[in-house]
Amino acid sequence: MKNLESISIRHKEGVLALLDQQMLPHSEDWIEIDSPEKMIFCIKALKVRGAPLIGVAAALVLAKYAESGADKEKFIQAAANLRESRPTAVNLMWAIDRFV
């Protein structure tokens, strides 16, 4: 995956990181996301907020997961688990549905 950087999420030299929005405005802490499970935790814990960003974050972690060699069954399960992390987030559902 190519490098990308935005205000709240970045992928640099193979590392996906998310700005911990719970720490704002007092500090700027970045969380390395190395698995779909860690992204699910961040979504549920409200460390990532805003419908568009949640969708982008889920799409990026799924792309990283596929890139790491996850088989189809594990990929589909990870996508389902991400969907369940915030079942009312329309952007999350849309982004995941684009992959599956």
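Radius of gyration here is taken over C-alpha atoms, and the globule rule is 2.2 Å times the number of residues to the power 0.38. I started with that rule because, for 100 residues, it puts a compact globule near 13 Å, and the protein has 13 Å, which agrees. I note at the outset that this is a predicted model.

**Overall form**

I looked up the extent next. The C-alpha trace spans about 40 × 30 × 20 Å along its principal axes. I then checked burial: 40% of the 100 residues are buried.

**Element order**

I listed the secondary structure. The protein has four helices and four strands. From the N terminus the elements run β-β-β-β-α-α-α-α. Residues 24 or more positions apart account for 45% of them.

**The sheet**

What is the strand order in the sheet? I read it as E1-E2-E3-E4, an open sheet of four strands with antiparallel pairing. Strand E1 (4–5) and strand E4 (30–33) stand at the edges. Each has a single partner strand, so one side of each is left without a neighbour in the sheet.

I followed one pairing in detail. Strand E3, residues 15–19, pairs with E4 in the antiparallel sense over four bridges. Within this pairing I picked out Leu19, whose bridge partner in E4 is Trp30.

I went through the loops for backbone features. In the loop between E3 and E4 I found Pro25. A cis peptide bond joins Leu24 to Pro25, with omega about 0°.

Glu13 came next. This residue sits in the loop between strand E2 (9–12) and E3. Its phi is positive, about 50°, although Glu13 is not a glycine. Is Glu13 buried or exposed? I have it as exposed, because its relative accessibility is 67% and the cut-off for exposed is over 50%.

I placed it in the loop between helix H1 (36–44) and helix H2 (51–67). Leu46 has a positive phi of about 60° and is not a glycine either. At 39% relative accessibility, Leu46 counts as partly exposed.

**Around the end of H3**

I turned to the helical part. Ser85 belongs to helix H3, which covers residues 72–85. Its relative accessibility is 7%, so I count Ser85 as buried; the cut-off for buried is under 20%. Which residues does Ser85 contact, leaving aside its neighbours within four places in sequence? I found Ile40, Ile43, Lys44 and Leu92. Of these, Ile40, Ile43 and Lys44 fall within the range of H1 (36–44). Leu92 falls within the range of H4 (90–99).

My last stop was Ala89, in the loop between H3 and helix H4 (90–99). Ala89 is buried, with a relative accessible area of 10%. I checked its distance to Gly50, which is 39 residues away along the chain. The C-alpha atoms of Ala89 and Gly50 are separated by 9.1 Å.

Note on methods: Residues numbered from 1 in each chain as written. Predicted model: local features only at pLDDT ≥ 70, side-chain atom pairs only at ≥ 80, totals over all residues. Heavy atoms only, no water. Helix = DSSP H or I, 4+ residues; strand = E, 2+ residues; numbered from the N terminus. Buried < 20%, exposed > 50% of the residue type's maximum accessible area, 1.4 Å probe, protein only. Contact = heavy atoms within 4.5 Å. Pairing = 2+ DSSP bridges.
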